[in-house]
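The following note reviews one protein model for a reader who is new to structural description. Please keep the sequence and the structure in view while reading the numbered points.

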Amino acid sequence: MADKKLKKHGNIDNVSFISGKAPAMPRRILEIFILMVIYIVTARVGQLMAISPGNVTPVWIPSGIILAAVLLRGYWIWPGIFLGAFLGNTWAYFDAGSFFQIGITVFSGLLNGAGDVLCAVVAAYLINKTAKTKEIFDKSAYTALFILFGFIVGPLISAIFGVGGLCLAKIVMWEKFLYTFATWLTGDGVGALVLAPALITLFNKEYRDFHKNKLIEVILFPFVLIGITILCMTNHYFIGIHTSLFLIVPVFLWASFRLGRFVTFHSIVLTSAILIYCTVKGYGPFVDTTMNKTLVELQFFITIMTVTIFMLTSIITERKRSGYRIRKLSQALHQSPTSVLITDINGNIEYVNPQFTTTTGYSPEEVLGRNPAFLISEKQSHTIYTEIVDTIKIGNEWRGDLLNKMKNGNCIRELVSILPVKDENGSITNFVGVKIDDTERIIAEKELRKSSSNLIKAQHIAHIGNWVWDITNNKIEWSDEIYNIFGVNKNDFDCSYESFIDLVHPDDRELVKKSVNDALYKDAEYSIEHRIIRPDGTVRIALEQGEVTFNNEGNPVGMFGTVHDITETKKLMDELTKTQRLESLGVLAGGLAHDFNNILSAVLGNNNLAMLLLNDGQTDKVAESLSKMEKATMRAKDLTQQLLTFSKGGNPVKRTVFVTRLLKETADFALRGTNVQCDFNIAHDLRQVEIDEGQINQVINNIVINAAQAMPDGGNIEIRAENINKSGEMITTSLMNEQLIKISITDHGPGIKEEILSKIFDPFFTTKQKGNGLGLASSYTIIKNHNGVIKVDSTPGKGATFTIYLPASLKETKNYIPGKDEPVNGHGKVLVMDDDDSIRDMTKQALKVVGYEVECAKNGEEALEIYKTAMNTEKPFSVVIMDLTVPGGMGGKEAIKILRKIDSNAKAVVFSGYSNDPILSEYRKYGFNGFLSKPFKVQEMNSLLQKIIKQN
């Protein structure tokens, strides 16, 4: 963009000949001020050099300085020119005789300032527009344009404004306008012509062209020049009045040919200064009785000398550069690794380079003057030579492969280009042939075709294809295998993003579009499995991976990647998964048989023992046996709960809590009686989480017990809890919020072997002699059901770390600290509905013992009739307990809907042996006031009923 602006505006306002850009504003102001001061000082010097009696200055030094300043620094320097010209001229002609005279003088100064600004700016603009600024003195045409605009056009503008201002101010009489105009014009022109080139070469390093090996000549030259110039100005009579001045010409020829532009241009300044000084002092051939003639002859000589030297130097530089380019081209042809031959208009060889000799075996002497047709092999088609001649004769290039023969008779395949060479008039003068040994390319093409064929075969075998997407033009290139994967014909299918999306399974299209957009605009990885539907209706599964390419502005312009048909692989994986599940079921059956046999043995044994003790009259020991039966039953409940949690059920019943207390109490309880301690590092501002406390308690308990068992000799377990953000941990799951809490449990045991690290969350996988292998498996499922992640990292010999990520809750709640339920005598009327006679009778008897009035029903229909009847009596039911599922009848899920219509204030509790049913975790949503999971303790049921009955 910056280059386009520079090209559009040229040097206007911002372009500097030296640096290419304008400086910052403080630097601008400083340079403008310096230029103003230089102008005033040099103007004063010019006025001191005036020739008497007309008090006319032969050269106006500021004109050269201001032209060089604009060309070197840019147009923004113009305020320095204006201020210098205004103050310099006002100072020179200031007359404090009257306010009118002061105003006239100021007005004249303003015109002078405007004239000098236009002089420099217009001249610089015209030079920039017609010549390349940095090549002004490299070409004679550009030098001539510089002389025209710098010596004539610019000073002409300055003279019009300046002399006009003097006449209007009556500083100069109108009858002397032409005379003053001429002297002003020539003075400004000589100043610009002499000083501007010297300043440009001084401040532009590209023009410092003298060589170090000519340093002695550079030092000697000024002394010779000064000596001859002074001799000519002070003792010219020994040759002639003006003839002696021509002795200066050979000296400048020396500078032009030997020393370069820098020395030459500054020598002109030095010579002009001596000529002017001597003339002003009354010496030299230009001194005449009339000031006008003296001035004209002096300025004429300086102008002719300067113009001649400038043009001569430019011509010499141009010729040197042209010769250098020719030599460089000749060397390039001579040293080229490519065969080159040049013929005349008739096709006769005039030149061959060394590589031609190396390739063909023919020396230059053997081929010069011959037609190149003798090099073409007889095996080549005979019509090819006619085609070549017909093409190049009309001025066109011929390019193609030729089978040429070498001197030894062998053939060589060459890529040949033959083109005509034209002169300035467009006429053909020569033909140039360039030949490249094409043998290696042909071999490479064969190898490439072979590799390409192998790649196509490999892609077909692996069912992998590659693609490239030109986003700008919405064109996609597919390899052949992708067409096979998608089941479309390459010749009939217009491959674009839209046509690709049409082949994606409708249920997967939004996911594919989102993945593509995330890759293009969110720098996400593009790796996705999706289904495709072929035109024949068959469904395949594809794995796509790709990368995005961006332009300099960071916008996506392309994408490339692969498509892998993984349909068969997925089928194999599914079969393998089924096999592994069958194996897991075998382990499951064995584990369940073992654990439940142990539990049933404890229940049956203690039951028999209680009956024997009762018959024996030892009633005091019956309670102990019954207590052991209860413990065994609760073990069975825990085992079934673990099984349900591991399965797809086990939905958590969540509350918003702080986990600080839960972590400490659970870990301390799990480690009671062990020689292991816990070190806690829990953030004081730990976020809340929405969890099922019982299930999370189970997870922490499982991990802590495993950690303790990994350190039989004792040690410390580190438990750390902190707030984190999902993006900071690079967790890829989409289930969690951005704000998380991270719980880490680290032991210092032997660690987990790498080969079993990936299996520790598998059901019934265990390395312990005692244990069912459900602890970590159920923990994994619990965390997953909480929309969290559980991970394990371990290094053998350095312990293991289990890390749990849970979504933070945005709800506000007070920390809940549960207390122990106190025994309470029941009161109220309860309706129990259960299809199982034993459960119904047991529940009825238990509730009567604690103080309730109880009636029972075996299904929903019967329970609703009993409830409606009781509503019309003085003792309606306080609470209804309903079994969730009744085989062949109405269960609690259906009955609660009707009950709410009968009595909107009814209070109901649901209980079920299916503790994984979602109704238990969302009981309020279905109309219940509470829930119980079978089996349950009577105290647990009593506490729940009392809590519900007391509610308004």
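1. Helices H2 and H3 are roughly antiparallel to each other, because their axes cross at roughly 160° and angles over 145 degrees count as roughly antiparallel, under 35 as roughly parallel, 65 to 115 as roughly perpendicular and the rest as oblique. H2 covers residues 25–48 and H3 covers residues 61–73, and their axes come within 8 Å. Axes are lines fitted to C-alpha atoms, for helices over the stretch in contact, with angles from 0 to 180 degrees between N-to-C directions. Helices (H or I, at least four residues) and strands (E, at least two) are DSSP runs, numbered from the N terminus. H2 passes H3 in a right-handed crossing; a crossing has this hand if the near helix is turned clockwise from the far one by less than a right angle, and is left-handed if anticlockwise.

2. The model is predicted: local features need pLDDT of at least 70, side-chain atom pairs count only at pLDDT 80 or more, and totals for chains, interfaces and linings use all residues. Residues are numbered from 1 along each chain as its sequence is written, and side-chain values use heavy atoms, with hydrogens and water left out.

3. Which residues make the contact of H2 with H3? On H2 they are Glu-31, Leu-35, Ile-38, Tyr-39, Thr-42, Ala-43 and Val-45, and on H3 they are Ile-61, Pro-62, Ile-65, Ile-66, Ala-69 and Arg-73. Contact means heavy atoms within 4.5 Å. By class, the contact of H2 with H3 holds ten nonpolar residues, one polar and two charged. Here Ala, Val, Leu, Ile, Met, Phe, Trp, Tyr, Cys and Pro count as nonpolar, Asp, Glu, Lys and Arg as charged, and the others, Gly among them, as polar.

4. Helix H7 (residues 177–203) takes part in a crossing with helix H9 (residues 248–280), where the axes come within 9 Å and cross at roughly 140°. That angle makes H7 oblique to H9, and the crossing is left-handed. H7 contributes Val-194, Leu-195, Pro-197, Ala-198, Thr-201 and Leu-202 to the contact, while H9 contributes Phe-262, Phe-265, His-266, Ile-268, Val-269 and Ser-272. The contact of H7 with H9 has nine nonpolar residues, three polar and no charged ones.

5. H7 also packs with helix H6 (residues 140–168), at an angle of about 140° and with the axes 8 Å apart. H6 is therefore oblique to H7. H6 passes H7 in a right-handed crossing. The contact of H6 with H7 comprises 20 nonpolar, six polar and one charged residues.

6. In soluble globular proteins, nonpolar side chains tend to be buried together. The largest nonpolar core has 64 residues, and Leu-67, Ile-77, Ile-81 and Phe-146 touch the most other members. H9 gives the most to this core, with 13 residues. A nonpolar core is a set of buried Ala, Val, Leu, Ile, Met, Phe, Trp, Tyr and Cys residues joined through side-chain atoms within 4.5 Å. Buried means under 20% relative accessible area, exposed over 50% and partly exposed in between (1.4 Å probe, protein chains only). Not counting residues up to four places away in sequence, Phe-146 touches Leu-67, Leu-71, Ile-127, Ile-136, Phe-137, Phe-151, Ala-192, Ala-196 and Pro-197. A second, separate core of 39 residues includes Ile-696, Val-704, Ile-717 and Val-792.

7. Is Asn-404 buried or exposed? Asn-404 lies in strand E3 (residues 398–405) and is buried, with a relative accessible area of 4%. Among the residues that Asn-404 touches, not counting those up to four places away in sequence, are Leu-375, Asn-410, Glu-414 and Lys-435. Asp-518, found in helix H17 (residues 509–521), is buried with a relative accessible area of 15%.

8. Most residues other than glycine have a negative phi. Asn-474, although not a glycine, has a positive phi of about 50°. Asn-474 sits in the loop between strands E6 (464–470) and E7 (475–478), and counts as partly exposed at 25% relative accessibility. Asn-787 likewise is not a glycine and has a positive phi, of about 60°. The place of Asn-787 is the loop between helix H24 (775–785) and strand E16 (789–794), and Asn-787 is partly exposed, with a relative accessible area of 32%.

9. For the protein chain as a whole, the secondary structure comes to 29 helices and 22 strands. Of its 952 residues, 44% count as buried.
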